[in-house]
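Work through these exercises with the sequence and the model open. Try each task before reading its solution.

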Amino acid sequence: MWQYEKKLQYPVKIKNPNPKYAQIIITQYGGPDGEASAALRYLTQRYSQPYNEVKGMLTDIGTEELAHMEMICAMVHQLTRNLTPEQIAESGFAPYFVDHTNGVYPIAASGMPWTATYIQAKGDAITDLHEDLAAEQKARVTYDNLLRLIDDPDIIEPLKFLRAREVVHYQRFGEALRLTTDRLDCKNFYAFNPGFDKLRGKKRG
Amino acid sequence: MNDKAKLKRQIYELDFAFYELVLFLDSHPANRRAMELMREYREKREKLIKEYEERFGKYIVTLKDVPMSDSWQWLDSPWPWDTDFMEG
C-alpha cells in the first residue's frame with residue numbers, strides 16, 4: 001500500500017499565472033511520455049519481473065513518479081489560478097476551460113486524454129526494461145522541449161529538477177537491465193522470454 | 001523565504017538524498033558506503049525535525065505524525081500545491 005506525504009518532492013511556487021504554459025506543461029501529467037504514464041507503467045510491470053533488485057526499483061521509481069505527477073499538477077494548478085475571461089480567451093485556454101474549468105485533467109498538450117495505450121506490460125523482463133529505458137529518454141526530451149519554450153524561473157527550476165530525475169532513472173534502469181542479462185544463460189544471445197522461462201537465471205545442463 | 005520555509009527546505013533536501021540512496025541501493029544492495037550515507041542523512045534529518053518542532057510545533061508530513069489531540073491537525077497546514085505551502 002502507499003502512505004501519503006503532505007509535501008512535494010521539490011517545491012513549486014509560481015508567482016505569475018500563465019495559461020499558455022499550463023497547456024504545454026500538462027502533457028507531463030496526461031501525455032504519452034508524462035508522469036502518469038511512467039507511474040502506471042512501472043507499478044504495473046513489477047509483478048512479472050524475476051529479480052528482487054528490479055522489483056524494488058520499479059516499486060521505488062514508480063512511487064517517485066506519482067510524486068512527480070503531483071508536482072506537474074501543482075504547476076498546472078498554480079498557472080491557471082485567478083484568470084479573467086479575457087485572459088482565458090486570449091491565451092487559447094478556452095477549449096480546456098469549457099470542459100474542465102480550473103480542474104486538473106490528464107491530457108496531452110494536443111488535448112488528447114490520457115490512455116492506457118501509452119504503456120505496456122509485456123510480462124517479459126528484457127522487453128519491459130527496454131520500454132522503461134526508452135520512456136525515461138522520451139520524458140527527458142519532453143522536459144528539454146518545455147525548457148526551450150518557457151522563460152519563467154519559477155517554472156524552470158522544478159522542470160530542471162524533473163529533467164534530472166529522468167536521467168537518474170535511465171541510469172538505474174540500465175543497471176537493472178544489466179543485472180537481468182547477467183543472470184541469463186550465456187548461450188541465450190537474444191535474451192528470449194526470461195520472465196516466462198522456468199529455467200530463468202539458471203544454467204541449463 | 002521565512003525561517004520555517006528554510007528549515008522545511010533543508011528537511012526536504014535530506015528526504016531527497018535519502019530517496020536517491022534508496023534507488024541506488026536497489027541496484028547496489030551490497031554497497032556499504034551508500035548504507036553509511038543513508039544512516040548519516042537519517043540522523044541529520046532527525047536533528048532538523050527536532051529543531052523544527054522546538055520552534056514551530058509538531059512536524060506533520062504523514063498521517064502517522066498527527067498527534068491525538070482536541071482537533072484533527074492534518075488539515076491545519078496548507079496543501080503542497082498551494083503557493084504558501086513552504087511558509088505555512
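**Exercise 1.** What does helix H7 (residues 125–149) of chain A reach from its first C-alpha to its last, and what span is expected at 1.5 Å a residue?

*Solution.* Start with the ground rules. This is a predicted model, in which local features need pLDDT of at least 70, side-chain atom pairs count only at pLDDT 80 or more, and totals for chains, interfaces and linings use all residues. Residues are numbered from 1 along each chain as its sequence is written, while chains are lettered from A and ligands numbered from 1 in the order in which they are written.

Step 1: count. H7 of chain A has 25 residues. Helices are DSSP runs of H or I with at least four residues, strands are runs of E with at least two, and both are numbered from the N terminus.

**Exercise 2.** Which residues of H7(A) are buried, and what covers them?

*Solution.* Step 1: set the cut-off. A residue is buried if 20 or more other C-beta atoms lie within 10 Å of its own, exposed if 12 or fewer, and partly exposed in between; C-beta atoms are placed from the backbone.
Step 2: list them. They are Ala125(A), Asp128(A), Leu129(A), Asp132(A), Ala135(A), Glu136(A), Ala139(A), Thr142(A), Tyr143(A) and Leu146(A).
Step 3: recall helix geometry. An α-helix has 3.6 residues a turn, so residues three or four places apart point the same way.
Step 4: find the cover. It includes H1 (19–25), H2 (27–30), H3 (35–45), H4 and H8 of chain A.

**Exercise 3.** How many residues of chain A are in contact with chain B, and which element gives the most?

*Solution.* Step 1: count. 24 residues of chain A are in contact with 17 residues of chain B.
Step 1: locate. H4 (52–79) and H8 (153–182) of chain A give two or more residues to this side. H4(A) gives the most, with 11 residues.
Step 2: check confidence. The model scores ipTM 0.96 and pTM 0.94.

**Exercise 4.** Is Arg33(B) buried or exposed?

*Solution.* Arg33(B) is found in H2 (residues 32–56) of chain B, a chain with 2 helices and 0 strands.
Step 1: count neighbours. Arg33(B) has 10 C-beta neighbours inside 10 Å, so it counts as exposed.
Step 2: Buried residues make up 8% of the 88 residues in chain B. In chain A they make up 37% of the 205 residues.

Technical notes
Two residues are in contact if their C-beta atoms, placed from the backbone, lie within 7 Å. The expected span of a helix is 1.5 Å times one less than its number of residues.
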